[in-house]
Amino acid sequence: MPTDPLLSRAKAMQDELSAVRRDIHRHPELAFQEQHTAETGRAWLQALGLEVQHGIAGTYGLVATLDTGRPGPTLLIRADMDALPITEETGAPYASQTAGAMHACGHDAHVTCLLGAARLLVEQQEALRGRLKFLLQPAEEKPPGGAKILIEQGQVLEGVDAALALHVYPQLPVGQIGFRPGVLLGYSDRFTVHIHGVGGHAARPHQTVDAVAVAVQVYQALQYLVSRENDPFHPFVITIGALHAGTVANVIPDEATLLGTVRSLDPAVHHTLPERLERVVAGVCQATRARYTFEFVQGYPAMVNDKTFTQQAIESVKAVLGEPAIAHLPTPELGGEDFAFFSQRVPSLMFRLGVRNEAQGIVHGVHSSRFDLDEDALPIGTAALARVAMDYLR
C-alpha cells in the first residue's frame, strides 16, 4: 500500500479512531434516539474549532461547518448514526451494552471515519477552497429516513454543491474500496396486507373463511409476479418478512397480516408495483371469499452515484491507496439507503469501504447479529474521505 501523507496521519490516529468506534458500538441507539452518538460527535467537532449546529429539525442531527474563507464549492460529508433492533452475538469485548440494539450496519464506523476525516481536513484547510459541511444524520434505518427530514425541514443541502458518504462493505477485504457509477442501490418500499376472513372451530372449516389459508395463497401468488409477470432484465424482489395470525391450535383465525418489502431498480417498474401487488391480493381474496385491506408505503428511492464525481473520487483514492485498492462493482444491489434523497438533489457519491478479514473470522454481512468489522479499515476510510474532499475543493 502506498505511503500517502494523509493515510500516514490517519494511521497515526488508529487507536483514537478505534476507541471512538468502540464507545459508539457499546452504546447503540435506535432511530431518532442517537443522543450519545451525537454528543460524542459534537464534542469532537467542536474541539477542532468548528461551528456546530445541532438539534436539526428536532432530531439529534448535527452539522459542523469548515469555511476556508476562499471562494469555491461546498461539499457535504454525511455519516448515519442509528443502530438496529438486533441482539448482538459477536462476543466482542466492545459488544453492545444496550439490550436489543446493535450497530449491525457499521454506522459506528461511518461516524468514526467522518470525525477522523474532519480532523485531517481541518489540518489541511490552508490547501482548500470553499466549504465543508460534516453531517451526522439520524434514522437511516427507519423509513421515511432521517435524510428526508433533514433535507426538507432542516435545509441541510442549502448551498451544497455535492454530497459524499461511505458505507462499510463486508464483501470486500480491508484495503479495498468499491466504486460504482450510476445506480448503486434500488428502490426500497414496504407493504401490509390484512386478510379478513370468518373464524371458527378447527373441526368445521367449511363454516369459515380461513385467513391463514388465504394469506398463504396471497404469498404464493405474489411470487408469481416475480417469476412470470416481470421482465427478468428489470428485476424486483418481493419478501414477506412476517405473517401474523391466530393464537391457539384449534381455532381457525378470522384475520391474518402479512408484512412485506419490495425492491426494484427500474423507475418504471417501481411505479407499477402498488397496483400490481394489490391486483394479486384482490384476486386471491375474491376467489376465497375473503376481504382485505392493502397499504403500500414508498420508502427510499434508488441511490445513484454521479458519474463524474465517482470518476474523480476513484482517481483520488488511487493516489492514497494505489490501483489495486480500487474495486469496480459490476452490478447494483437491491438494498435501500436514504442517502438516495441526497443523490436526488445534488451530485452525490457513496463508496464501499472493505471491512472483511477472513483470518479473524470477520465475514458476516450487515444486519447480522454477528456482524463486526476489521478496525484497520477505519484509517483507510478516514483518509479516503479526506482525500476525495480535498481534491473536490481544489
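The structure is a predicted model, in which local features need pLDDT of at least 70, side-chain atom pairs count only at pLDDT 80 or more, and totals for chains, interfaces and linings use all residues. Residues are numbered from 1 along each chain as its sequence is written, and side-chain values use heavy atoms, with hydrogens and water left out.

Histidine 328 belongs to strand β15 (residues 326–328); strands are DSSP runs of E with at least two residues and helices are runs of H or I with at least four, numbered from the N terminus. With neighbours within four places in sequence set aside, histidine 328 is in contact (heavy atoms within 4.5 Å) with Phe179 and Ile314. Between histidine 328 and glycine 299, the separation is 29 residues in sequence and 27 Å in space, C-alpha to C-alpha.

The largest nonpolar core comprises 69 residues, of which Ile77, Leu121, Leu132 and Phe134 touch the most other members. Such a core is a set of buried Ala, Val, Leu, Ile, Met, Phe, Trp, Tyr and Cys residues joined through side-chain atoms within 4.5 Å. Helix α10 (residues 377–393) supplies the largest share of this core, 11 residues. Apart from this core lies another, of 27 residues, including Leu157, Leu172, Leu329 and Met350. Beyond residues up to four places away in sequence, isoleucine 77 touches Leu114, Leu121, Leu132, Lys133, Phe134, Leu135, Leu164, Leu385 and Ala389.

Helix α10 also packs with helix α2 (residues 14–26): their axes come within 9 Å and cross at roughly 100 degrees. Axes are lines fitted to C-alpha atoms, for helices over the stretch in contact, and angles run from 0 to 180 degrees between N-to-C directions. Helices α2 and α10 are therefore roughly perpendicular to each other, the class for 65 to 115 degrees; angles under 35 count as roughly parallel, over 145 as roughly antiparallel and the rest as oblique. Gln14, Leu17, Ser18 and Arg21 of α2 make the contact with Leu378, Pro379 and Thr382 of α10.

Helices α1 (residues 5–12) and α4 (residues 107–123) pack at about 130 degrees, with axes 11 Å apart, and are therefore oblique to each other. In this pair, Leu6, Arg9 and Ala10 of α1 meet Arg119, Leu120 and Glu123 of α4.

Definitions and conventions:
Buried means under 20% relative accessible area, exposed over 50%, partly exposed in between (1.4 Å probe, protein chains only).
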